[in-house]
Structure formats: C-alpha cells, structure tokens
Amino acid sequence: MKKEGYYSSGEFAKMAHISKKTLRYYDEHNILKPSFLTPYGARFYSDEDFARLQQILLLKFLGFSLEDIREMTINDSDYHFMAEALRLQKKLVQDKIEQLTLVEQAIDETSRAIEKEHSVNWSQMLNLIHLTGMEKSMKNQYQNASNLSARIRLHDRFSQNREGWFPWIFRQCDLAHHKNVLEIGCGDGSLWLLNKEKIPDGLCVTLSDISRGMLRDTRREIKQIQTSSVFDFRAFDCADIPFEDSSFDLILANHVLFYCVDLPVVLQEISRVLAPGGTFLCSTYGSEHMKEISELVADFDDRIVLSADRLFERFGKENGAGLLAPYFDDVSWKQYKDSLYVTEPEALISYILSCHGNQNQYIIDRYNEFRNYVRKKVDHGFYITKDAGIFLCVGKK
C-alpha cells in the first residue's frame, strides 16, 4: 500500500540509482534505516533519506568503509547539519584530489627509477603504499574538522560578547610589536582567517599542528589571504619543537596545553624557543565553563559524561599560573567576559555530539528523542556560562 509522502524501497532505489539489495544491506547494518516500516515489514523512504544517502555514497566513493561511514554521519537532514556536512565533504574531496596527485607522482617516480636503473627503489614503493593508505587519516581529519567547526559555530552564533573570541585573542597578541610568531596547535587557522584584514605587514608566522590533515586544510585557506606576511606550515608534536633557541618573540597556544601528555616538557620546549622578554599567550578555561551543557545531557541520561578528562584540572584558570611560573616571568591572567544564550537547538546538538566523552554511546540510538529534548530546553532561550581567558607570560631573560 502506497504511503503518502513516502517512496517504496523499489521506488527509492530506482530514483537513487542503487539496487534494492544495497538498500536492504544499508538497513540491516544500521547505515540507512527507512523512515517508515509497516507492521508487515514493507520499507518506505522519504526525501530526507536522500540527504543521508548523499553523504553515504560520497564517503563510499572517497574510499571509506561502511563502518567508517556509520561513525562519520548522523541521521539528521536539517539544513543546518546538511550545509555543514556538505562543507566538510568538499574538504574531503579536496584532500582526495591532493592524495591522488601525490600517488600519481609517486607512481611516475617509481616507474622512471625502474626504467633508468632496472631495479626497484623499495623506499619509493613503501612511500607509495603509505600514500594509498591515507583514508584513515582523512577520516580522522573529517571528524576533527567537524568537531572543531561545531564548537566554533556555537560560540559564533550565540555569544553575548559581539567582539568574538578570535578577534579578542588577536587583539591581545599586540602583533605590531612582534615579528616572528609561532602558533602551536593552529587547528583550522581561525585566528588568522577571521582577522585577515588586521594582519600587519612583515610578519613571519609559523603555523603548527600535530595533524597533517588539519594543517593541509589550513594551508589551503591561508594561501588565499592577501598579505605581505609570510606563513610557514609545520607538523610536529609540541613536546619536541624543531627550532633553535629563542627563535620566536611571540608564541600562541589556543586551548592546547590541557591536551598535552607531558606538560612540563612542552612548557620547557616553549620557553626554550621563546626569545628572552618575548610573549607566550596561552588560553584555557575554568571549572564553571559551559557547566549548563553537562547538566543538560545528565538530565537526559545520567550516564553521559561529555569529557572523560576534566581538562581544566590538567591546565586551567585555577591552576595555570602555578604550572607556568617555573618557565616564564610575569605570568598574568586576563578574563574574556562572555556567555552564551542559545535560542536554536541545532548548534547546541552539534556541539554536544562533538565532545570527547561517551555521549554518542547513549544519544545516537535515541537521536530523535534527544533532538526533541534539546529543542524543548532551548525553546525560551538557554543560558550557558563561559569562563575562559588567557595567560600572558614573559620569556625568561
């Protein structure tokens, strides 16, 4: 029996140019479930299911396994989620183009070596094998970019301080009085992209991140900035910074230090490459930061913990000065005065799903219920405390 507004599995498969067998496989493996199932087992799909299928087919085309795809997508076709998913998918396509270009170059170099030397350069062959196994790093990059974007979007959309976090951080850098700058853990380069009109001439900026994929995306975006300043991009672990002593007069670490496994080693390295009298600016947050979100999800399911690690206890507003003092002079705290007032649920849901806790274990299978729960909570506005700022430190003389 035809259901109004829905397509039978046969109609849907034909319109999507896939087989009914594939559609049934996606259903059985919880990748694409039908929107409506009759008591007799007939499957019906909606226009919204086409949105999710688009994500599935593109990610499959890019080489991801179905297990990866299940982890990388959520069943929400709201315009907010779709627009963000398409943006990130475009980045994946760009990454794939770069990957295939590198593979092509490696094949050409290996072929030329065989023709010229009549032997195989095993080092080049191993490099080729490494390049063709990049899907895992691309998956991690997709997830990292998605998580970072979700956090930034929530703050951009609903922060009560209209200056914004990155413009405020940029203003504290006092770049007119610095020349050689290092940003540790630059992420997607938002600090520079959102302040591109304010970048002074003549800077030498090194952007670093432990994620080569993130750095690749950032390089693409930064190259479009019209500036006389020089940007360099380096992938490294900040516990082993590959620069000589006193190389930089300004070093930035925006929400980075609480992720470091061996913080004393990292701080020693930063102190080493910071010029005497130079500035180290690092941001973090306090124990009250975003507490209402944790309370929100706990009310939905008290098993949910948004962060298994209480990052502010590793390096936060309350203990940061003591941790920095052995390595720098004149350590001072500067508060960023702000709060969030959320009136739309989508950005808040994205933020919650982006956290590093166990939330997906308890939310994904009850996603529609959770979405309705959050919508009711923000229906009349939802206040969120922000308790963040920066430590400004002076390099030891």
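# A viewer tour, helix by helix

Helices α1 and α3 are oblique to each other (angles under 35 degrees count as roughly parallel, over 145 as roughly antiparallel, 65 to 115 as roughly perpendicular, and the rest as oblique). Before you start clicking, note that this is a predicted model, in which local features need pLDDT of at least 70 and side-chain atom pairs need pLDDT 80 or more, while totals for chains, interfaces and linings use all residues. Residues are numbered from 1 along each chain as its sequence is written, and side-chain values use heavy atoms, with hydrogens and water left out.

**Stop 1: α1 and α3**

Select residues 9–16 for α1 and residues 47–61 for α3. Helices here are DSSP runs of H or I with at least four residues, strands are runs of E with at least two, and both are numbered from the N terminus. The two helices pack at about 45 degrees, and their axes are 12 Å apart. An axis is a line fitted to C-alpha atoms, for helices over the stretch in contact, and angles between N-to-C directions run from 0 to 180 degrees.

Contact means heavy atoms within 4.5 Å. Sorted by class, this contact has five nonpolar residues, no polar ones and one charged. Ala, Val, Leu, Ile, Met, Phe, Trp, Tyr, Cys and Pro count as nonpolar; Asp, Glu, Lys and Arg as charged; the others, Gly among them, as polar.

**Stop 2: Ala-16**

Stay in α1 and pick Ala-16. Is this residue buried or exposed? Ala-16 is buried because its relative accessibility is 14% (buried is under 20% relative accessible area, exposed is over 50%, partly exposed is in between, with a 1.4 Å probe and protein chains only). Leave out neighbours within four places in sequence, and Ala-16 touches Phe-50 and Leu-53. Next, draw a distance from Ala-16 to Gln-54: the C-alpha atoms are 9.0 Å apart, though the residues are 38 apart in sequence.

**Stop 3: α12 and α17**

Jump to residues 291–300, helix α12, and residues 367–377, helix α17. They pack at about 130 degrees, with axes 11 Å apart. That angle makes α12 oblique to α17. This crossing, too, has a hand: α12 passes α17 in a right-handed way. On the α12 side, select Leu-296, Val-297, Asp-299 and Phe-300; on the α17 side, select Glu-369, Phe-370, Tyr-373, Val-374 and Lys-377. Six of these contact residues are nonpolar, none is polar and three are charged.

**Stop 4**

Select α10, residues 212–222. How many of its 11 residues are buried? Eight are, and the helix is mostly covered. The buried set includes Arg-216, Asp-217 and Arg-220, along with Met-214 and Leu-215.

Move on to α11, residues 263–273. Its buried residues are Leu-263, Val-266, Leu-267, Glu-269, Ile-270, Ser-271 and Val-273. What do they pack against? Strands β4, β7 (248–254), β8 (274–285) and β9 take part, as do helices α13 (311–314) and α14 (320–324).

**Stop 4: Thr-284**

Follow β8 to Thr-284. Thr-284 is buried, with 0% relative accessible area. Its contacts beyond four places in sequence include His-255, Phe-258, Phe-315, Trp-333 and Phe-391. Phe-312 sits 28 residues along the chain, and its C-alpha atom is 7.3 Å from that of Thr-284.

**Stop 5: two positive phi values**

Most residues other than glycine have a negative phi. Pick Asp-174, where phi is positive, near 50 degrees. Asp-174 is in the loop between α8 (165–172) and β4 (180–184), and is partly exposed at 39% relative accessible area. Then pick Asp-330, also with a positive phi near 50 degrees. Asp-330 lies in strand β9, residues 328–336, and its 61% relative accessibility counts as exposed.

**Last stop: zoom out**

Show the whole protein: 17 helices and 12 strands. Of its 397 residues, 49% are buried. Among contacts with a separation of 6 or more, 79% join residues 24 or more positions apart.

Conventions
A crossing is left-handed if the near helix is turned anticlockwise from the far one by less than a right angle, and right-handed if clockwise.
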